[in-house]
Amino acid sequence: MGFIERIRSLMVGGRRARRRVVVLGADGMDPRIFERLLKEGRMPNMAAVAERGGYARMGTTIPAESPVAWSSFATGMNPGKHGIFDFLHRNPLNYTPTVAPVSVRMKFGKPEPVNNRTGVSVWKVLSDAGLRSTVMRVPVTFPPEKFNGRLLSGLGVPDLRGTWGTSVLYEEGGTDIHTEMGGVEMGFSHSNNGVYNTEIVGPKRANAPIPLMVSVQDGRANLQWQNQTLRIAPGKWSGWVPIHFDVSLGPLTVHPKGIMRFFLHALNPLKLYLSAISLDPSDSFYPITQPAHWSRELAARHGNFCTLGWMEDTWGLNENRINESAFLEEADLFYDQLEEMVFNLIDEKEDDFLIAVFEATDRNQHMFWRFIDEAHPAYNKAEVNTWGDTIDRTYERFDKTVGDVMKRLDRDTILMAMSDHGFNTFRRAVNVNTWLRNEGFLIADPDSCRDDFSMKDLQQEGTFWPGVDWSKTRAYSLGLGKIYINLRGRESKGIVNPGREYEELRDQIIERFMKLIDPVTGKPVVSVIHKADRIFTGPRVPEAGDLVIGFHMGYRVSWQTALGGFPPEVIEDNKRKWSADHCSINSDFAKGVLLSTEKYGALTGNGEPEIIDLAPTILRHLDVEVPKDMDGVPLQEK
Ligand SMILES: [Zn+2]
C-alpha cells in the first residue's frame with residue numbers, strides 16, 4: 001500500500017476496520033454458581049454471548065489470588081516473570097511481611113509508590129503497535145504506566161493514610177484501638193455545651209489530626225471540621241465531603257487532599273462511622289490515572305468517586321463497624337458509578353481494546369457466603385431470607401452490565417466476559433506457623449509468640465516474630481499460603497544449606513503437612529503443596545515462597561498466619577463474616593469463567609482456556625504479534 005492509500009485508509013476508518021476487543025471482568029465469578037444461574041435462565045445476556053461464541057471454565061494461576069491472576073492476565077506471563085506471587089511478600093533480611101503489588105521509595109524526600117509487577121502489559125504491547133487501549137480498575141496497575149490510551153488504577157491504590165483502607169468508628173465511651181483488619185475505634189470527649197469532640201487522623205507523617213466536632217439537633221447530627229459542615233440523619237450515608245492534611249516532608253509542606261463519606265449509626269448514644277479516605281480524584285496526591293489529569297476529567301463528568309484500590313468496605317463489615325445494608329448500599333453506588341464510566345467510554349469508540357474489572361462479585365461472595373452454606377460456623381439462619389440471595393443478585397447485576405454493553409457494540413466487536421478465579425466456602429482456618437512449631441520446624445518460646453497481629457503492624461512495621469529462635473528455625477509461613485525455608489545466603493539468619501538439605505527439608509514438610517487431618521471432620525486438610533521452582537519459570541522465582549499450599553475446599557490459611565502469628569490451635573473455626581475465599585485453596589477448585597462472542601476450540605470442549613492465554617488472544621484478534629516471552633497461548637490456536 002502506498003503512502004497516500006495508507007493515510008486514506010486510516011482516515012476513512014481503516015483503523016476501525018480492525019476489530020475492537022472489549023473485556024468485562026467479574027472478579028471471583030465462580031463457574032459453579034454461574035452455571036446454576038445460567039440453567040435457571042437468570043443469566044440471559046451471558047447466555048447470548050455464549051450462544052454466539054462459547055463458554056468454558058477457565059484455569060487460574062497458582063495461587064488463585066487476584067493480584068497474581070490479574071498480573072498474569074495483563075502480561076500473559078507466569079508469576080515467575082511478573083513477580084506477583086501473593087497479596088503479601090516477605091523481606092528475607094528481616095522476615096517481615098510486605099505488601100506485594102506496590103512498594104514505596106523516597107525520592108527527593110517525597111514517598112513515591114512503585115509497581116512491583118514486571119513484564120510488559122498487553123496494553124503496552126498494543127501501544128507500541130500504534131493501537132489505543134482503555135484500562136479500568138485492573139488490579140496491580142498502580143502507579144499507572146504510560147502508554148497510548150487511558151487507565152484508571154485498581155487494587156493497589158492506597159487511601160489517603162497510605163493504607164489499603166482504614167475506616168474509623170466513633171463511639172461515645174469508646175477507647176482508641178486498632179483492629180486486626182485495619183480499622184480504628186475512637187471515642188468522643190463530651191463537653192458541657194453539648195458538643196462532642198474527636199479527631200480525624202491523617203497520613204502517618206501528617207503534622208496534626210483534624211479536629212471534628214459533632215452536635216445533635218432536631219434528630220440530626222451536625223458535623224464540623226476545617227471549614228466544612230455536614231448535616232446527617234441516623235441510618236444514612238453522607239455524600240462525598242472534602243478534607244486535607246498538612247504533611248511536612250523535610251523542608252517541604254504538602255497538602256494531600258481527600259474525599260470521604262460518613263455513616264451515622266445513631267444519635268443516642270452517638271455512634272458515627274467514617275469510611276476510608278479516598279485520594280481526591282480532582283487533585284490527587286499520587287497520579288491514579290494515565291494520563292494523570294484524566295482522574296480530574298472523570299470526576300468532572302461523573303462526580304466524585306471512590307479511588308481506593310479495594311473500594312468495597314469488607315473490613316468495616318467483617319468487624320461490625322457497619323452492617324450489611326450500609327455495606328451494600330455503598331458498594332452498589334460504587335458499582336453503578338464505574339458502570340456509567342464504562343458505558344461512556346464504550347460509546348466514545350476511541351479504543352481498539354477496553355477492559356473494565358467489576359469487583360462486587362468477589363467482595364459479596366467473601367462477605368455473604370455465610371447465608372448460603374448451612375455447614376458454615378458463621379451460618380446465619382435468622383437472616384437468610386434477607387441476605388441469602390445477595391450473591392445471586394450480584395451475578396445478575398453483572399449479567400445486566402454485559403447486556404447493556406452488548407447493546408452498545410457493533411457486531412464486529414469481540415466481547416469477552418471473564419473472571420480471574422472462582423470461590424469456595426471458608427469454614428476452617430489453618431494456623432500454619434502453629435503447625436510448623438508443633439512439628440519442630442520452627443523453634444519459638446510459646447509464651448512470647450503473638451496471635452494478635454493487625455494491619456497496623458503491617459503498615460507501621462511492627463515487631464514480628466517475638467520469641468522465635470532463628471538460629472534453630474528451618475521454616476516459617478507468611479502471606480496467604482506460603483512456607484519459606486530459612487535458607488542460608490538468602491534469609492539474613494538462614495541455617496538451611498541450599499542443595500540437598502533444602503530439598504530434603506521441603507520433601508519432609510510436604511510429606512508431613514499432607515498428612516494433616518482435621519480432628520473435627522476426620523478428613524485431610526491439604527490437597528496439594530507445590531515447590532515454587534517446579535511451577536514457575538523466570539527471573540523472579542527466587543522471590544516466590546519455597547512451598548505454595550493448596551488446601552481442600554472449606555479450608556484457608558488463617559489471617560494470623562499471613563502476618564506471622566501463632567494462635568493456639570492448628571485448625572480453628574472461621575466465625576467471621578468473611579466466610580468464603582479462594583486464596584491458598586488448590587487452584588483446581590477455584591477456576592474462573594470465560595465467555596466470548598468468538599468461537600475457540602477451548603470454549604467448545606477442546607482443552608481448557610487459562611487466564612494467561614487472554615493477553616496473546618487479544619493481541620491475535622488485533623493482528624499484533626505476540627511477544628516471545630509471553631507464556632500463554634492464543635486461544636485461536638488452542
Ligand atoms: Zn477475593
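The model is predicted, and every residue number below counts from 1 along the chain as its sequence is written. The protein is divided into three parts, namely domain 1 (19–85 + 114–160 + 289–425 + 590–621), domain 2 (168–279) and domain 3 (427–586).

**Domains and where they meet**

- The centres of domain 2 and domain 3, taken over C-alpha atoms, are separated by 38 Å, and the two domains touch through 5 residues of domain 2 and 4 residues of domain 3.
- Sorted by class, the side of domain 2 that touches domain 3 has 1 nonpolar, 3 polar and 1 charged residues.

**M455 and its surroundings**

- M455 is placed in helix α14, which covers residues 455–459, and M455 counts as buried because it has 21 C-beta neighbours inside 10 Å, where the cut-off for a buried residue is 20 or more.
- Leaving out residues up to four places away in sequence, M455 touches T163, M181 and G182.
- M455 and H178 are 277 residues apart in sequence, yet their C-alpha atoms are 8.3 Å apart in space.

- An open sheet of 8 strands runs in the order β2-β36-β27-β1-β26-β7-β8-β25, and its pairing is mixed.
- The edge strands of this sheet are β2 (54–58) and β25 (289–290), each of which pairs on one side only.
- Inside the sheet, strand β1 (residues 21–26) and strand β27 (residues 414–418) run parallel and are joined by 5 bridges, and the bridge partner of L24 in β27 is A417.
- Helix α9 packs on the sheet by touching β1, β7 (133–136) and β26 (353–358), and the direction of α9 makes about 170° with that of β26.
- Helix α12 (residues 390–408) also packs on the sheet, where it touches β1, β26 and β27, and its direction makes about 170° with that of β1.

**The largest nonpolar core**

- The largest nonpolar core has 181 residues, and those with the most contacts inside it are F353, I355, A417, V430, A475 and L595.
- Helix α9 (residues 324–348) gives the most to this core, with 8 residues.
- When its neighbours within four places in sequence are set aside, F353 is in contact with V21, W123, L126, L131, S133, I618 and L622.

**The sheet of 5 strands**

- A further open sheet has 5 strands in the order β12-β13-β14-β15-β16, with antiparallel pairing, and its edge strands are β12 (189–190) and β16 (228–232), each pairing on one side only.
- Strands β15 and β16 pair in the antiparallel sense over 5 bridges, and Q224 stands opposite T229 in β16.

**A hairpin**

- Strand β3 (residues 88–91) and strand β4 (residues 96–99) run antiparallel and are joined by 4 bridges, with H89 standing opposite T98 in β4.
- These two strands, β3 and β4, form a hairpin with 4 residues between them, and Y95 in the turn has a positive phi of about 60°.

**Backbone details in loops**

- The peptide bond from N268 to P269 is cis, with omega near 0°, and P269 lies in the loop between β22 (262–266) and β23 (271–274).
- A cis peptide bond also joins Q290 and P291, with omega about -10°, and P291 lies in the loop between β25 and α7 (294–302).
- D218 is not a glycine, although it has a positive phi of about 50°, and its place is in the loop between β14 (210–217) and β15 (220–225).
- D218 counts as exposed because it has 7 C-beta neighbours inside 10 Å, where 12 or fewer is the cut-off for an exposed residue.
- K349 is likewise not a glycine and has a positive phi of about 55°, and its place is in the loop between α9 and β26.
- With 13 C-beta neighbours inside 10 Å, K349 counts as partly exposed.

Conventions: Predicted model: local features only at pLDDT ≥ 70, side-chain atom pairs only at ≥ 80, totals over all residues. Core = buried A, V, L, I, M, F, W, Y, C linked by C-beta atoms within 7 Å. Contact = placed C-beta atoms within 7 Å. Pairing = 2+ DSSP bridges. Axes fitted to C-alpha atoms, helices over the stretch in contact; angles between N-to-C directions. Domains from an automatic or database assignment. Nonpolar A, V, L, I, M, F, W, Y, C, P; charged D, E, K, R; others polar.
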